[in-house]
Every structure is written in C-alpha cells, then in structure tokens.
Amino acid sequence: PVQGLIDSRLTLRFSDGSSWDERCVFSQRGVFRLERYRQKQQGPSFPAAEISFDRKTGRYDAMIQERGDRAQRAQGAISLPADLYTGMTVTVLKNTAASPEVAVHTLVFTPEPRLVTALLHLDGKDAVRIGGTVVPVLRYRERLDLGGVAGFIAPLVGKAPPELRYWILTGGIPAFLKFEGAMFLNGPVWRLEQLLPRTP
C-alpha cells in the first residue's frame, strides 16, 4: 500500500531482450478505483509502446511505434469513468464471486485513447489437485466490445480485438492460474501460467 493505495506491478522479461512492464495504482474502499496507470513494452516481441494516464491530473500520454513505422504520439486531457479497470482484469475476476458475466470499461490506445467495454464471461469450470486436495478453477473469456460502426467494421478489416482467456483458482483465496491470448492487437497467442498447479 502507498498512501492508502495499492501499487500493483507486472514485469515480464523475455530471452530475446523484450520486456513488458505494467503498473496499476488503485484504491479498494468498498469498490476498486483505478487512480494511475503506466505501461511500457519494448523489444523484438512487441511494437514499442509507452502509455500512462492519471485520474488526479486528468491527463494521458501515449506513444506507439509499429515495426518499420514512425512513432505516433498523443497526449491531452482525459475523463476516466469510475468503473475503469485497464490492467486490472485478474483483480476483477478474483473478486466477481463467479458471476456469469461482468462488464467493465477499459482504455485502448491507437495512440489516441478510446473507451471500450470489456465483457468478462464465465466460460466453465475445471479442477486442479494441490497435494491431496482438489481445488476448483473458473475459466473466463474476455471480449472487447467496440460498439457502433467501428465494432461492425473491425472484424471485416482484421482489426477486431483479440479474445482473451483466464483461469482463476478458487476455494479459499482466489488466485491467478493461467492466461491465453494476444498481448497486443494482431499479436500471437501467448500462454502465461503458474508452474504448479497445472490446468488439465
């Protein structure tokens, strides 16, 4: 905790020198409230990107550079809804109490920010064995709903946001177990998972 806030950071380092560094600062006074966000990705595995926004200042700054292209940058004022959970999907899923579907907001940057709805759908149940105990696992799918004309055109031009999948260990304290999906638009499907326990 930092001044009553939770500072959550995810860092991934790859053997080719690539890195993914994401930081979310949020409060949890009755409900989660995202206050600040920063994400940086670089190296051969990703398009270069540096993105940040802050609820207190009401400002954002985004830079994206696709391979072979010039860097694109956008910055300015931004209004953040109360249920914005960019970078907090796992946190939300661990606290949904197995709800059939949860809808929250997230931001996508191109590099201008766009507010979209993230639909988190309970897809099924599995189980893993930890020692002599069988522990239930919930499977979720996440789909970004662009809405409007953009939502209709995106699949036709190959720009539809990728569907993501999450496995959450339940029973006692919920915990992240596995993720499958692309980590950027039109990127490859990657899998991130705990070494133990393994999903079926």
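Colleague: Let's start with glutamine 39: is this residue buried or exposed?
Modeller: The relative accessible area of glutamine 39 is 5%. Buried means under 20%, exposed over 50% and partly exposed in between (1.4 Å probe, protein chains only). Because 5% is under 20%, glutamine 39 counts as buried.

Colleague: Good. What pLDDT do local features need here?
Modeller: Residues are numbered from 1 along each chain as its sequence is written, and side-chain values use heavy atoms, with hydrogens and water left out. This is a predicted model, in which totals for chains, interfaces and linings use all residues, side-chain atom pairs count only at pLDDT 80 or more, and local features need a pLDDT of at least 70.

Colleague: Which residue is the bridge partner of glutamate 22 in β3?
Modeller: Strands β2 and β3 run antiparallel and are joined by 11 bridges; two strands pair if DSSP finds at least two bridges between them. Strand β3 spans residues 31-42 and includes glutamine 39. The partner of glutamate 22 there is glutamine 39.

Colleague: And which side chain makes a polar contact with the side chain of glutamine 39?
Modeller: A polar contact is a pair of N or O atoms within 3.5 Å; within protein, one must be able to donate a hydrogen and the other to accept it, and residues adjacent in sequence count only if both atoms are side-chain atoms. At 2.8 Å, the partner of glutamine 39 is glutamine 41.

Colleague: Which are the edge strands of the open sheet?
Modeller: Six strands make up this sheet in the order β1-β2-β3-β4-β5-β6, with antiparallel pairing. The strands that pair on one side only are β1 and β6.

Colleague: On to the rings. How are phenylalanine 14 and phenylalanine 46 arranged as a pair?
Modeller: Rings of Phe, Tyr and Trp (its six-membered ring) pair if their centres lie within 6.5 Å; planes under 30 degrees apart count as stacked, over 60 as edge-to-face and the rest as tilted. The centres of phenylalanine 14 and phenylalanine 46 are 5.5 Å apart and their planes meet at 80°, so the pair is edge-to-face.

Colleague: How many residues apart in sequence are the parts they tie together?
Modeller: Phenylalanine 14 lies in the loop between β1 and β2 and is partly exposed, at 26%. Phenylalanine 46, buried at 2%, lies in the loop between β3 and β4. The pair therefore ties together parts whose separation in residues is 32.

Key:
Helix = DSSP H or I, 4+ residues; strand = E, 2+ residues; numbered from the N terminus.
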